[in-house]
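The following exercises are to be worked with the sequence and the model in view. Each task is followed by a solution in steps.

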Amino acid sequence: MEHLSSRPEADPREGYNVRDRFAWFEIDAMWRQQDAVLEVLNVNGTEPRMVSIPEIDREFIVLPGVFSPEFPDARLLARAVGQEIVKGERVLDLGTGCGIQGIMAAKKGARVLATDISPKAVKCAQMNTRRYGVKNFMEVREGDLFDGLDGKRFDAIIFNPPFRPFRPRCEDERASLDEDYATLRRFFAEARDHLNEDGRIISVFSNSGDLQYFESLVDASGYQRGIITSVVGSYTYNAYRLTVPKGAEGRPA
Ligand SMILES: C[S@@+](CC[C@H](N)C(=O)[O-])C[C@H]1O[C@@H](n2cnc3c(N)ncnc32)[C@H](O)[C@@H]1O
């Protein structure tokens, strides 16, 4: 019988199996956290809410079923975007949700393309771009990751991905669940083809999901990792700057 420690480390780009990574009670705990997230997603709601984010001094319209900017990852990433983006940059905000990250970038003077797979999120982000008067600097459209963006390159790609590797129980839950991290792997396989020279990814991840896997996937995909800012509470959240090392050609390693 093969001894576990003698097995070569699996390549994180090849696949993911939550049962190889977590004990049943940890998986159970993650599902319970997810149930709490589902409550906030308000999938059966009918009324929009106003959600204020004091640390960036802004408030956003949030439609039922759209990821709320009150979650710590969204708030941390918004602060990182505020620090990182400079005037005149071309920015892609992937999975825009209510539009918080793209709006932060547009307010810094960037030209933003924001996309989301959820039509509700697209509608919600469009409402917020009007509210913040950035409609002419931020286009919002429906899209599945980089589909339809052939040949388009950006100075920065912002992505707050779903953290937990489970199958969504409804469409809206795609905001926080990504079965076996298939979307995350696709993101890292394709992102480099959409970055300008010196372009970077600004992303966030947490140990409320598989943080070690995220970091190993980033490394295996050939990006250099830097932490812009973190928050440590019941969970750790890191906002990352991911760059392509100079001289690295073509697709990720
Ligand atoms: C964690 S939420 C982040 C929302 C927003 N960027 C923020 O920081 O509050 C992830 C978002 O990605 C979207 N999403 C999930 N899978 C996607 C895909 N394949 N293509 C585009 N958007 C996707 C979800 O609908 C959701 O709005």
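**Exercise 1.** In which helix is the place of R186? Determine also whether R186 is buried, partly exposed or exposed.

*Solution.* The structure is a predicted model, in which local features need pLDDT of at least 70 and side-chain atom pairs count only at pLDDT 80 or more, while totals for chains, interfaces and linings use all residues. Residues are numbered from 1 along each chain as its sequence is written.

Step 1. Helices (H or I, at least four residues) and strands (E, at least two) are DSSP runs, numbered from the N terminus. R186 belongs to helix α6, residues 182-190.

Step 2. A residue is buried if 20 or more other C-beta atoms lie within 10 Å of its own, exposed if 12 or fewer, and partly exposed in between; the C-beta atoms are placed from the backbone. R186 has 15 other C-beta atoms within 10 Å, so it is partly exposed.

**Exercise 2.** Why is helix α4 largely enclosed by the rest of the structure?

*Solution.* Step 1. Helix α4 covers residues 100-107, and seven of its eight residues are buried, so the rest of the structure largely encloses it.

Step 1. The buried residues of α4 are I100, Q101, G102, I103, M104, A105 and A106.

Step 2. After α4 comes G109, with a positive phi near 100 degrees.

**Exercise 3.** Which residues are closest to the ligand, and how many residues surround it?

*Solution.* Step 1. A residue is near a molecule if its C-beta atom, placed from the backbone, lies within 6 Å of it. The ligand is surrounded by 23 residues, the closest being A74, G95, G97, I117 and N160.

Step 1. Two or more residues of this shell come from each of α3 (72-84), α4 and β4 (111-116).

Step 2. Ala, Val, Leu, Ile, Met, Phe, Trp, Tyr, Cys and Pro count as nonpolar, Asp, Glu, Lys and Arg as charged, and the others, Gly among them, as polar. The shell accordingly has eleven nonpolar, nine polar and three charged residues.

**Exercise 4.** Which residues have the most contacts inside the largest nonpolar core?

*Solution.* Step 1. A nonpolar core is a set of buried Ala, Val, Leu, Ile, Met, Phe, Trp, Tyr and Cys residues joined through C-beta atoms within 7 Å. The largest one has 58 residues, and L77, V81, V91, C98, A105, I157 and I158 have the most contacts inside it. Helix α3 gives this core its largest share, six residues.

Step 1. Two residues are in contact if their C-beta atoms, placed from the backbone, lie within 7 Å. Not counting residues up to four places away in sequence, I157 touches L92, L94, A191, H194, L195 and I201.

**Exercise 5.** Is T115 buried or exposed, and in which strand does T115 lie?

*Solution.* Step 1. T115 lies in strand β4. T115 is buried, with 24 other C-beta atoms within 10 Å.

Step 1. Leaving aside neighbours within four places in sequence, T115 is in contact with L94, T96, R141, E142 and G143.
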